[in-house]
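Here are my notes on the aromatic side chains and one surface patch. Please read them with the structure open.

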Amino acid sequence: GTDIMLALSCQLFDRPDKQSKFTVRPDAETRLSDFFVAIQLAGALDRVKALTPIDEPNNTLASADELTHAIYIIRQVAQQFPLLDGYKLYCVYAADKPFMCSEQFDWIGFDDYDMKGSVLTGKQYKELKASLFPDQKTIIIPGGAYGQDPVPFCNYAKANTEVAVVMPFLWLDDQGEPGIRSNGMAAHYINAGKSVI
């Protein structure tokens, strides 16, 4: 019964080796359509509220053209599924490079975990906020896997209408590193989540 935000990198992108940047797969449209069908058959497609091509495209993709191509595929395939009507297209960028194609997204965020809660009052977030089109909103990202307190992010979201989503990173354990669920922060994030629902 919860809303779902999907990352579609497995359906859209591939790379020849771990040193290469990702490019759009030749079968991306078919893979994405099959993925949506599987979610629909599971009875959950109506819960999908937001889609992203890939995390940190300004770090992971070969070019802005690859991102534009992926966005086009998402839009073409999603329109074939009425249960996805009204979905938002979102993107989380790496903070240290230009935010390519940002004008094509509904919700935009960036991760800069070293700044902790001060990222919300920093120059880069202010510039992002000033650059938004009227129909765009932001995503703010507390680094829960690094022990960051979610409360400043939740308080900021409640007081600032440009924020669409507080998206903590990262609940699951990743490659041996404990995530929020295992590093002692779980209760903090559960309580924070309940405070903004």
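1. Patches first. They are made of residues with over 30% relative accessible area and no salt bridge; like charges are joined within 9 Å, nonpolar side chains (Val, Leu, Ile, Met, Phe, Trp, Tyr) within 5 Å. A salt bridge is a side-chain nitrogen of Lys or Arg within 4 Å of a carboxyl oxygen of Asp or Glu. Areas come from the Shrake-Rupley method with a 1.4 Å probe, and for residues only the protein chains shown count as cover.

2. The model is predicted: local features need pLDDT of at least 70, side-chain atom pairs count only at pLDDT 80 or more, and totals for chains, interfaces and linings use all residues. Residues are numbered from 1 along each chain as its sequence is written, and side-chain values use heavy atoms, with hydrogens and water left out.

3. W171, L172 and I190 make up a nonpolar surface patch. Together they have about 280 Å² of accessible area. W171 sits in the loop between β8 (163-166) and α7 (186-196); helices (H or I, at least four residues) and strands (E, at least two) are DSSP runs, numbered from the N terminus. W171 is partly exposed, because its relative accessibility is 41% (buried is under 20%, exposed over 50%, partly exposed in between; 1.4 Å probe, protein chains only).

4. The whole structure holds nine aromatic pairs. The Y93 and F99 pair is stacked, because the ring centres are 4.7 Å apart and the planes at 10 degrees. Rings of Phe, Tyr and Trp (its six-membered ring) pair if their centres lie within 6.5 Å; planes under 30 degrees apart count as stacked, over 60 as edge-to-face and the rest as tilted. Y93 is buried at 0% relative accessibility. F99 is buried at 18%.

5. F99 also pairs with F110, tilted, at 5.7 Å centre to centre and 35 degrees between the planes. F99 lies in the loop between β5 (88-94) and β6 (107-111) and F110 in strand β6, so this pair ties together parts 11 residues apart in sequence. F110 is buried, at 7% relative accessibility.

6. Which residues form one aromatic cluster? Y93, F99, F105 and F110.
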